[in-house]
Amino acid sequence: MSPDVDLTVPKPGRHALRNRFLALDSRLFEFAAERNWPYAEPVLPRLSRSANHGVLWFATAAAIAASRTPRARRAAARGLASLSLASLTINTLGKRSVRRPRPVLDPVPLGRQLKRQPITTSFPSGHAASATAFATGVALESPAWGLAVAPIAWSVALSRVYTGVHFPSDVVAGAALGAGAAFAVRGMVPTRDRLVPPARPCTDVPALEDGDGLVVVANKGSGSSDRVHALLDTLPRAELVECEPADTPAELRKAAVRARVLGVCGGDGTVNAAAEVALEFGLPLAVLPGGTLNHFALDLGVEDERDLSRAIQRGEAVRVDVGRFTCDGRQGVFLNTCSLGVYPELVRERDRFSSRIGAWPAGVLGALRVLRRDRHPLQAEVAGRAHPLWMLFAGNGTYHRMGLAPARRLNLADGVLDVRVVHGGRRPALRLLAAAVAGPLTRSPAHAAVQVGRLHLSGVTPGALLAYDGEVTEVDGEVTLEKLPEALTVYRPLPGA
């Protein structure tokens, strides 16, 4: 590897203000080199080396994610995304824009110097940018974890001056660039605190001190035992019922008979079953996210057991809309989405292979198998004419695109179904991709969108699949989708309370 400082380039001419700044920067560097830093010599050089190529930050992200809380996982992912953007900017623009040589090491004691000196240009500091980007990204998502990471990031940035590989201004500029990268990532993918749904319409519910009257049914298949027991630590008088996935509907009905508040812990499918029971018995619902995606809890604003415990003990709740589908006298509800066409077939294909190869590989394999088929999965009559469709999606509430983040609902009681349709035709993968890119745009040859309170489909292909909150069933003939406005009462912490 060759250094990227071109020594053949003539030095810039004299500039009074710039020369004064560079002289001050050099004096600060020499001042730092002359100082005795207690306990720094055995620590800072090693810490500086450990941050090479982001190794330290990948290890830190793994440690944060190992705490197994959704906020910690998001904080780790945001930190790494911010670091990646900062590194990309440094390597493509920063280092090549200001071709500043490294400091002369004469004032730096030999014991502080790195064994392998960097050969890239000095301005700005890539280590400082990466450290600040990671720490800022983590802090934007989780202030508590950000506070824990900040001293490490500060020490890494400081080590670059201590070991003599950067001037102080290099570190300051790198830190500023790293912080900017973290905020740029937040602009593309907003943090949770910027997406809190409105606390309305509020409703009166019992405040259960110590959880007296709460019965929580937990799906063992969701692997959330730790989270449920953490909730019971704060609500010691609550009752817990743990059951296998196949027994969940029956246990929910048993629990509803004796509960003042019906609680549930599991993924979206389990929460769907609990919502149906809560509606039948007229009970408020307490949702503790315990599955993989937890769309409803996330959109509701309940992230973990602390959020739910606070809402239950204070008696804080809102009313939310519920979607309902009807076909041949059969009914079902959905809290998130209901869809026909490609997606339900993909879910069924994914479930066939997920136990053997894992959820994500099974999802990719399912998508490939579904999209290779040469038939349209759905036929429906609209205005008396049959139309082939690749997918019909109906959201319980309006889904909004937030930068590059997945779509989120900001209002769970807006009274509408967010209907998106991907028209039939050749090249389904291209049409589905075009629909995903179009998002809320309605003027697209492949994609249409409308918001309605009720949707009636006739002439649905016999045996067509309908997916609702991750569950799949067969429908045919006539299918009706409708809203039940503000039908369900759900506990959630109120902002500012």
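In this predicted model, Arg227, Ala230, Leu231 and Thr234 of helix H8 meet Glu305, Leu308, Ser309 and Gln313 of helix H12. Contact means heavy atoms within 4.5 Å. Helices (H or I, at least four residues) and strands (E, at least two) are DSSP runs, numbered from the N terminus. The residues of this contact divide into three nonpolar, three polar and two charged. Ala, Val, Leu, Ile, Met, Phe, Trp, Tyr, Cys and Pro count as nonpolar; Asp, Glu, Lys and Arg count as charged; the others, Gly among them, count as polar.

H8 spans residues 225-234 and H12 spans residues 305-314. They pack at an angle of about 35 degrees, with their axes 9 Å apart. Axes are lines fitted to C-alpha atoms, for helices over the stretch in contact, and angles run from 0 to 180 degrees between N-to-C directions.

Residues are numbered from 1 along each chain as its sequence is written. Local features need pLDDT of at least 70, side-chain atom pairs count only at pLDDT 80 or more, and totals for chains, interfaces and linings use all residues, while side-chain values use heavy atoms, without hydrogens and water.

Helix H9 (residues 248-258) has the buried residues Thr248, Glu251, Leu252, Ala255 and Ala256. Buried means under 20% relative accessible area, exposed over 50%, and partly exposed in between (1.4 Å probe, protein chains only).

The largest nonpolar core has 51 residues. Such a core is a set of buried Ala, Val, Leu, Ile, Met, Phe, Trp, Tyr and Cys residues joined through side-chain atoms within 4.5 Å. H10 gives the largest share, six residues. Leu214, Leu285, Phe296 and Leu488 have the most contacts inside the core. Beyond four places away in sequence, Leu214 touches residues including Leu208, Leu235, Val261 and Ile312.

Two residues other than glycine have a positive phi. For Asp210, phi is near 60 degrees. Asp210 sits in the loop between helix H7 (168-188) and E1, and is partly exposed at 27%. For Glu486, phi is near 50 degrees. Glu486 lies in strand E15 (residues 471-491) and is partly exposed at 34%.
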